[in-house]
Amino acid sequence: QMAANGDADARRERLTREVMAVDGITWDAAQPRVDAIAAATREGVALAVAPFRLVIYGSLVAGVVSFPLVFDVNTAMWFNDHFVTTDVAAPQDLETFLEVGSWTWQWMEPPLG
């Protein structure tokens with residue numbers, strides 16, 4: 001019952017008992033085999049979780065980079081010159097970071113949602 005409820009030690013003991021029954025060996029003799037099984041279950045975990053970590057870290061980087069792309073006039077001008085090439089707002093409309101955000105929002109809104 002404890003193994004079914006998620007107790008890791010109980011699950012290990014259940015596996016040990018299964019190895020003992022199948023191989024006909026003692027509890028002490030089953031321990032190396034259980035250790036090998038435990039090690040085999042951890043193989044490839046890093047590769048399996050790599051896509052998830054890539055998405056998480058990529059999202060964090062995109063989130064941090066989006067602030068200067070939206071609200072910093074120099075970064076927004078550089079990005080506009082190299083990638084967007086839209087009309088630049090009048091200088092009096094780019095005096096504060098909120099005005100810069102209002103201008104850049106037209107191209108930053110689709111990726112930011």
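**View 1. Residues that join helix α4 to helix α5 in this predicted model.** Val73, Ala76, Met77, Phe79, Asn80 and Val84 of α4 meet Val100, Trp103, Thr104 and Trp107 of α5, contact meaning heavy atoms within 4.5 Å. By class, these residues comprise eight nonpolar, two polar and no charged, where Ala, Val, Leu, Ile, Met, Phe, Trp, Tyr, Cys and Pro count as nonpolar, Asp, Glu, Lys and Arg as charged, and the others, Gly among them, as polar. Residues are numbered from 1 along each chain as its sequence is written; local features need pLDDT of at least 70, side-chain atom pairs count only at pLDDT 80 or more, totals for chains, interfaces and linings use all residues, and side-chain values use heavy atoms, with hydrogens and water left out.

**View 2. The axes of α4 and α5.** The axes of α4 (residues 73-84) and α5 (residues 97-112) come within 11 Å and cross at roughly 25 degrees, helices being DSSP runs of H or I with at least four residues, numbered from the N terminus, and axes being lines fitted to C-alpha atoms over the stretch in contact, with angles from 0 to 180 degrees between N-to-C directions. The two helices are therefore roughly parallel, a term for angles under 35 degrees, whereas 65 to 115 counts as roughly perpendicular.

**View 3. The packing of helix α3 against α4.** Helix α3 (residues 45-71) packs on α4 at an angle of about 90 degrees, with the axes 5 Å apart, which means that α3 is roughly perpendicular to α4. Pro68, Leu69 and Phe71 of α3 and Val73, Thr75, Ala76 and Phe79 of α4 make the contact, which has six nonpolar, one polar and no charged residues.

Key
Parallel < 35°, antiparallel > 145°, perpendicular 65-115°, else oblique.
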